[in-house]
Amino acid sequence: MIRNLCILAISQEEKNKIGGSVELKVFSFTNKIGRITSHLELHKKDDLSQRDLRKIFGKRQRLLAYLSKKNKVRYKKLISNLSIRESKTR
């Protein structure tokens, strides 16, 4: 099942200003995950897409771990907006 993603309306100027922000990167990774997941529902044996999905999950997870250490408020706000489950801590 494809998760409903919130639509983030960002003008080109704002995108250039905050282009390197963790939130924007996590949002783009979440969109990629949704697209690859919908692709894999049709093409179950596409190993390359499964590998890409695992890589993007890992990248997003590392960014979320970084954000949770640096700014817990921004982290909580981001995972609630994107409806991502909170990661388990080790």
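Predicted model: local features only at pLDDT ≥ 70, side-chain atom pairs only at ≥ 80, totals over all residues.

K32, R35, R51, R54, K55, K59 and R62 together form a positive surface patch. Patches are built from residues with over 30% relative accessible area and no salt bridge, like charges being joined within 9 Å, and Lys and Arg count as positive, Asp and Glu as negative, while His and the chain ends are not counted. The place of a charge is taken as NZ of Lys, CZ of Arg, CG of Asp or CD of Glu. Two elements, α2 (22-42) and α3 (47-70), each give two or more residues to the positive patch, and the largest share, five residues, comes from α3.

Residues are numbered from 1 along each chain as its sequence is written, and side-chain values use heavy atoms, with hydrogens and water left out.

The secondary structure of the chain comes to four helices and zero strands, where helices (H or I, at least four residues) and strands (E, at least two) are DSSP runs numbered from the N terminus. Buried residues make up 27% of the 90 residues in the chain; buried means under 20% relative accessible area, exposed means over 50%, and partly exposed lies in between, for a 1.4 Å probe and with protein chains only. The accessible surface of the chain comes to about 7100 Å², of which 54% belongs to carbon and sulfur atoms, the areas coming from the Shrake-Rupley method with a 1.4 Å probe.

Which charged side chains pair up? A search of the whole structure finds two salt bridges, a salt bridge being a side-chain nitrogen of Lys or Arg within 4 Å of a carboxyl oxygen of Asp or Glu. In one of them the side chains of E23 and R74 meet at 2.6 Å, N to O. E23 lies in helix α2 and R74 in helix α4 (residues 72-81), so this pair ties together parts that are 51 residues apart in sequence. Both partners are partly exposed, E23 at 23% relative accessibility and R74 at 36%.

K76 forms a salt bridge with E86, and here the closest N and O atoms are 3.0 Å apart. This pair links K76 in helix α4 to E86 in the segment after α4, ten residues apart. K76 counts as partly exposed at 38% relative accessibility, and E86 is partly exposed as well, with a relative accessible area of 42%.

R60, found in helix α3, is buried yet has no salt bridge, and the nearest side chain of opposite charge, E86, is 13 Å away. Contact means heavy atoms within 4.5 Å, and, leaving aside neighbours within four places in sequence, R60 is in contact with V26, F29, T30, I33 and I84.

S49 also lies in helix α3, and at 14% relative accessibility S49 counts as buried. Not counting residues up to four places away in sequence, S49 touches I36, H39 and L40. Over the chain, among contacts between residues at least 6 apart in sequence, 51% join residues at least 24 apart.

Technical notes:
Patch = residues over 30% accessible without salt bridge, like charges linked within 9 Å, V, L, I, M, F, W, Y side chains within 5 Å.
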